[in-house]
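Good morning, and thank you for making time for this presentation. I would ask you to keep the sequence and the structure in view while I speak.

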Amino acid sequence: MKVNLGDIAEAILAGSDTEIYYLNTVSGEIILDAEDIHGKEREALEDLLDEVWDDLIELPNQRDLDGYRMMWDFVRELPKGQASQGLSVALKGQGAFGRFKTACKNFGLLERWYEYEDNRVREFARTWCLENGIELDTPIQLSIRHAGWKDIDALIALRKKQLGVTDDSLDFSLQKYFRDHIRDDSLYEMIVWQQEEPAACGGLAFFEMTPDQDGRNHAAWLVNFYAEDNEYKNTCLEMILGHLLQVAREMKIEQVYCQEKVFENMEQAGFEVCSSLWQISLNR
């Protein structure tokens, strides 16, 4: 018996102390037992639960997800600036959940939060299924997130593939590169996962720019772009580019440059030729 990961994730996200979801480990059916089910529906539900009780396993719910910590993790992955400060303030005190979503909407981050939440819930659901011996039947799933310390090994592996290096001769220097620049916020790196395996990466680098008198960089570089050469290659690269350009806009960056040919058709991807470089203007 295989179950759909998306169905499990949705049930976990919807579950609460008053709405309990069960998975039938034989049929794969998900059954809802809610406090507001009454009358004949309640009788039918109880008959069903009695009939298949030995085959049921209770699914986790929102409390197990720890949504508050998830929101803080989201904030920590944002570049330093007004958005991260505003969301940090929103998460303090009672009513944090409502204020957080309002703040996300005000900073244009609501869709990114929903995508982040969906990825985290799916990751939680997948882990729960593996721990409970539940076999998954799910289509290819791509998820994207900001790469942090725990992703450095994956970033090194992807970078070595890009450079065509198969031994460990560059491991030390690449580890130092990613550690140093992630630590000092001079590199904002994204990574795409395909079925829990690193499939693509790309970053926004600030360390080669000269800040103005207000301490702002008006330009940045796209770096470390690589995607596994399969049918999802362009999709992965487009996902990364879209996220990085959004980050650049939030940081008031006006020009984003790229030295390497990331896409087969750079102009179609939104780039303009600038001398020997490609660029995207964000101040229009």
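First, the basis of what I shall say. This is a predicted model, in which local features need pLDDT of at least 70 and side-chain atom pairs count only at pLDDT 80 or more, whereas totals for chains, interfaces and linings use all residues. Residues are numbered from 1 along each chain as its sequence is written, and side-chain values use heavy atoms, with hydrogens and water left out.

The C-alpha trace of the protein spans about 75 × 45 × 35 Å along its principal axes. Its secondary structure comes to ten helices and twelve strands; helices (H or I, at least four residues) and strands (E, at least two) are DSSP runs, numbered from the N terminus. Of the 284 residues, 46% count as buried. Here buried means under 20% relative accessible area, exposed means over 50%, and partly exposed lies in between, with a 1.4 Å probe and protein chains only. Among contacts between residues at least 6 apart in sequence, 59% join residues at least 24 apart, a contact being heavy atoms within 4.5 Å.

Let us now consider the sheet formed by β2, β3 and β4. This open sheet of three strands has the order β3-β2-β4, with antiparallel pairing; two strands pair if DSSP finds at least two bridges between them. Because β3 and β4 stand at the edges with a single partner strand each, one side of each is left without a neighbour in the sheet. The twist averages 30 degrees from one strand to the next. Between β2 and β3 there are five bridges, in the antiparallel sense, and Glu 19 stands opposite Ala 34 in β3.

Helix α2 lies across β2, β3 and β4, running at about 130 degrees to β3. Such angles run from 0 to 180 degrees between N-to-C directions, and the axes are lines fitted to C-alpha atoms, for helices over the stretch in contact. How far apart are the end C-alpha atoms of helix α2? They are 21 Å apart, which agrees with the 20 Å that its 14 residues, 39–52, should span at 1.5 Å a residue; the expected span is 1.5 Å times one less than the number of residues.

Which residues of α2 are buried? They are Arg 42, Leu 45, Leu 49 and Val 52. Seen down the axis of α2, these buried residues fall within an arc of 110 degrees, so they line one face of the helix; the arc is that of the directions from the helix axis to the C-beta atoms. They pack against β2 (19–24), β3 (30–34) and β4 (56–58). The face turned away from the buried side carries the exposed residues Lys 40, Glu 43, Asp 47, Asp 50 and Glu 51.

I turn next to the aromatic rings. A search of the whole structure finds eight aromatic pairs. Rings of Phe, Tyr and Trp (its six-membered ring) pair if their centres lie within 6.5 Å; planes under 30 degrees apart count as stacked, over 60 as edge-to-face and the rest as tilted. Phe 74 and Phe 100 form an edge-to-face pair, 6.1 Å centre to centre with 80 degrees between the planes. This pair links distant parts of the chain, with Phe 74 in helix α4 (residues 67–76) and Phe 100 in helix α6 (residues 96–106), 26 residues apart. Both residues are buried. The rings of Phe 74 and Trp 113 have centres 5.4 Å apart and planes at 70 degrees, so this pair is also edge-to-face. Trp 113 lies in helix α7 (residues 110–131), 39 residues from Phe 74, and is buried, with a relative accessible area of 3%. Ring pairs link Phe 74, Phe 100, Trp 113 and Tyr 116 into a cluster.

Most residues other than glycine have a negative phi. Asp 66, in the loop between α3 (62–65) and α4, has a positive phi near 55 degrees. Asp 185, in the loop between α9 (171–183) and β7 (187–194), has a positive phi of about 60 degrees. At 40% relative accessibility, Asp 185 counts as partly exposed.

Not counting residues up to four places away in sequence, Glu 135 touches Met 1, Lys 2 and Val 3.
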